[in-house]
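Subject: A structure for you to explore

Hello,

Here is the structure I promised to pass on to you. Please open it beside this email, and I will walk you through what turned up.

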Amino acid sequence: MEGTSRTFPYTIKFVGLLGSHSLGRNPKFMATAVDLGRELVRRKIRLTFGGGNVGLQGAIASTVYTNGGIVRGFIPGYIAARQVYGPTYGAEYTVSSNYYKHFEMNHVVEAFIVLPRGIDTMEFLFTLISWASEGLHSKPIGLLNIDGYFNNLIKFLDDAVRQNFMASSQRKLFISSFFIDELLDKLAFAKAFPSPGASCDEFVNPGELDLNLHL
């Protein structure tokens with residue numbers, strides 16, 4: 001589905017980005033980050049991220065901001081004061097901790113996009129699962145699976161459901177794709193049609209899905 005996009009009855013307006021302050025070793029990470037920023041601008045999707053101007057987060061924020069998009073960064077005050085990650089693109093909001101950074105992001109965004117990153121991202125991903133189990137959110141979480149980076153995580157999530165350690169409703173919040181267009185389309189579809197029986201693939205490739213049932 002790379003390079004394709006279909007008009008959905010609902011358009012995501014604000015996404016939260018979970019990405020690294022490092023560029024990683026794989027050059028595809030950086031190239032894809034820039035492409036994601038361009039696509040967010042093209043779709044007029046606003047960006048919220050963890051502040052600063054370095055790494056994959058910085059590459060996306062820079063691309064969105066310099067091309068006229070709206071960017072909002074939440075960053076702990078003790079990190080902002082030391083300029084650990086440099087000045088933030090767009091509007092910067094300081095919070096007391098990383099927990100409240102993610103808490104505030106969750107309040108303003110409609111979906112999350114996750115890029116390759118380390119332990120801190122995994123921590124927040126599983127915090128999102130906990131919040132979902134407590135009814136605090138039901139926002140889709142898009143894993144941009146560049147070069148299969150999240151394959152092992154996806155397998156873990158599937159195994160957790162099979163072993164009855166994770167509810168299938170929580171697992172369904174996680175959406176993955178190798179391609180930017182497809183991931184954004186799936187996130188938009190998840191917001192437009194939250195019904196568990198709806199299929200994004202059937203909508204993008206018209207077939208069995210009866211849209212009248214959801215309108």
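Which residue with a positive phi follows α5? It is Gly 135, and its phi is near 75°. We will come back to that helix below.

Before you read on, please know that this is a predicted model, in which local features need pLDDT of at least 70, side-chain atom pairs count only at pLDDT 80 or more, and totals for chains, interfaces and linings use all residues. Residues are numbered from 1 along each chain as its sequence is written, and side-chain values use heavy atoms, with hydrogens and water left out.

**The whole chain**

The protein chain has nine helices and seven strands. Helices (H or I, at least four residues) and strands (E, at least two) are DSSP runs, numbered from the N terminus. Of the 215 residues, 50% are buried; buried means under 20% relative accessible area, exposed means over 50%, and partly exposed lies in between (1.4 Å probe, protein chains only). The accessible surface comes to about 10700 Å², and carbon and sulfur atoms account for 52% of it. Such areas come from the Shrake-Rupley method with a 1.4 Å probe, and for residues only the protein chains shown count as cover. Take the contacts (heavy atoms within 4.5 Å) between residues at least 6 apart in sequence: 71% of them join residues at least 24 apart.

**Helix α1 and its partner**

Start with α1, residues 27–42. Its 16 residues should span 22 Å at 1.5 Å a residue, and its end C-alpha atoms are 23 Å apart, which agrees. (The expected span is 1.5 Å times one less than the number of residues.) Phe 29, Thr 32, Ala 33, Val 34, Leu 36, Gly 37, Glu 39 and Leu 40 are the buried residues of α1. Their cover includes β1 (14–18), β2 (46–49), α2, β5 (111–114), β6 (141–144) and α8 (180–192).

How do α1 and α2 (residues 55–66) cross? Their axes come within 8 Å and cross at roughly 30°. Here axes are lines fitted to C-alpha atoms, for helices over the stretch in contact, and angles run from 0 to 180 degrees between N-to-C directions.

Helix α5 covers residues 119–133. At 1.5 Å a residue, its 15 residues should span 21 Å, and its end C-alpha atoms are 21 Å apart, which agrees. Among its buried residues are Met 122, Phe 124, Leu 128, Ile 129 and Trp 131. Thr 127 is also found in α5, but it counts as partly exposed because its relative accessibility is 21%. Ile 129 and Ser 133 are in contact with Gln 170, leaving aside neighbours of Gln 170 within four places in sequence. Gln 170 sits in helix α7 (residues 168–171) and is buried, with a relative accessible area of 13%.

Val 71 is in strand β3 (residues 71–76). Is Val 71 buried or exposed? At 5% relative accessibility, Val 71 counts as buried. Not counting residues up to four places away in sequence, Val 71 touches several residues, including Leu 47, Ala 61, Val 64 and Tyr 89. The C-alpha atoms of Val 71 and Ala 61 are separated by 6.6 Å, and the two are ten residues apart along the chain.

Phe 189, in helix α8, counts as buried at 4% relative accessibility. Phe 189 and Pro 140 are 49 residues apart in sequence, and their C-alpha atoms are 9.8 Å apart in space.

**Two loops to look at**

Most residues other than glycine have a negative phi. Gln 83 has a positive phi, near 50°. It lies in the loop between α3 (77–82) and β4 (91–95) and is partly exposed, with a relative accessible area of 42%. Asp 147 also has a positive phi, near 55°, and lies in the loop between β6 and α6 (151–162).

Enjoy exploring!
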